[in-house]
Amino acid sequence: MVNVRNCLYCKKIFMPVSDEKICSDCRNKELEMEEQVRGYVRDHPGITVNQLIEGTGAPSRLVWRMIQQGQFENSGLRDAKYPCGNCGKLITKGVYCYECAGKLRLDAQKFANAANAKKLAEEKKAQSQKTFSNSMYDEINSSRSR
Ligand SMILES: [Zn+2]
Ligand SMILES: [Zn+2]
């Protein structure tokens, strides 16, 4: 099976080598943009995230991702923060803020419990089906031996 995908940015169809979501053209453009962003911070020490986004014209999500990846550690960027992936509160590390991370962990726990309960129910069902077919088999056997 040939695995093709629409580029997340330009919608062009491309063949991912691994699980990348954007085509090589967009990837290269993004790398160029990242380089430009890093250069801008080098040239303008002490600027804020907003000034950086405005100054470079880079998409904010790209800048945010770079911050999240720690690309601006020990750089001249001030207020190296980006929005929580759930509530939008500004955070400095991770994907979610402290509150959302806790909430999402709870949700994940609930989800896992529900999945477990479902699995148990299915196992029970499979068990009863097995007993059912076993008794059928026994019946056939006993009618044969009769
Ligand atoms: Zn593309
Ligand atoms: Zn949050």
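N74 sits in the loop between α3 and β3, where helices (H or I, at least four residues) and strands (E, at least two) are DSSP runs numbered from the N terminus. This is a predicted model, in which local features need pLDDT of at least 70 and side-chain atom pairs count only at pLDDT 80 or more, while totals for chains, interfaces and linings use all residues. Residues are numbered from 1 along each chain as its sequence is written, and chains are lettered from A and ligands numbered from 1 in the order in which they are written.

N74 is not a glycine, yet its phi is positive, near 60°. With 6 other C-beta atoms within 10 Å, N74 is exposed; the cut-offs are 20 or more other C-beta atoms within 10 Å for buried, 12 or fewer for exposed, and anything in between for partly exposed, with C-beta atoms placed from the backbone. K11 is another non-glycine residue with a positive phi, this one about 70°. K11 belongs to the loop between β1 (5-6) and β2 (13-14), and K11 is exposed, with 8 other C-beta atoms within 10 Å. A positive phi also turns up at G70, which follows α3 and has a value near 80°.

Now for the overall layout. The chain holds 4 helices and 4 strands, and along the sequence they come in the pattern β-β-α-α-α-β-β-α. Of the 146 residues in the chain, 9% are buried. Contacts (C-beta atoms, placed from the backbone, within 7 Å) can be sorted by how far apart the partners are in sequence. Of those in the chain with a separation of 6 or more, 29% join residues 24 or more positions apart.

Helix α1 (residues 24-43) meets two other helices. The axes of α1 and α3 (residues 60-68) come within 11 Å and cross at roughly 70°. Angles under 35 degrees count as roughly parallel, over 145 as roughly antiparallel, 65 to 115 as roughly perpendicular and the rest as oblique. On the α1 side the contact uses E30, M33, E34 and V37, and on the α3 side L62, V63 and M66. Sorted by class, that contact has 5 nonpolar, no polar and 2 charged residues. (Ala, Val, Leu, Ile, Met, Phe, Trp, Tyr, Cys and Pro count as nonpolar, Asp, Glu, Lys and Arg as charged, and the others, Gly among them, as polar.)

The axes of α1 and α2 come within 10 Å and cross at roughly 125°, so α1 and α2 are oblique to each other. Q36, V37, Y40 and V41 of α1 touch L52, G55 and T56 of α2. This contact has 4 nonpolar, 3 polar and no charged residues.

α1 also contains R38, which counts as partly exposed with 16 C-beta neighbours inside 10 Å. R38 and Q71 lie 33 residues apart in sequence, and their C-alpha atoms are 8.2 Å apart in space.

Finally, α3 has three buried residues to look at: V63, M66 and I67. They cover an arc of only 100° around the axis, which puts them on the same side of α3; the arc is that of the directions from the helix axis to the C-beta atoms. The buried residues of α3 pack against α1, α2 (49-56) and β3 (82-83).

Key:
Axes are lines fitted to C-alpha atoms, for helices over the stretch in contact, and angles run from 0 to 180 degrees between N-to-C directions. Two residues are in contact if their C-beta atoms, placed from the backbone, lie within 7 Å.
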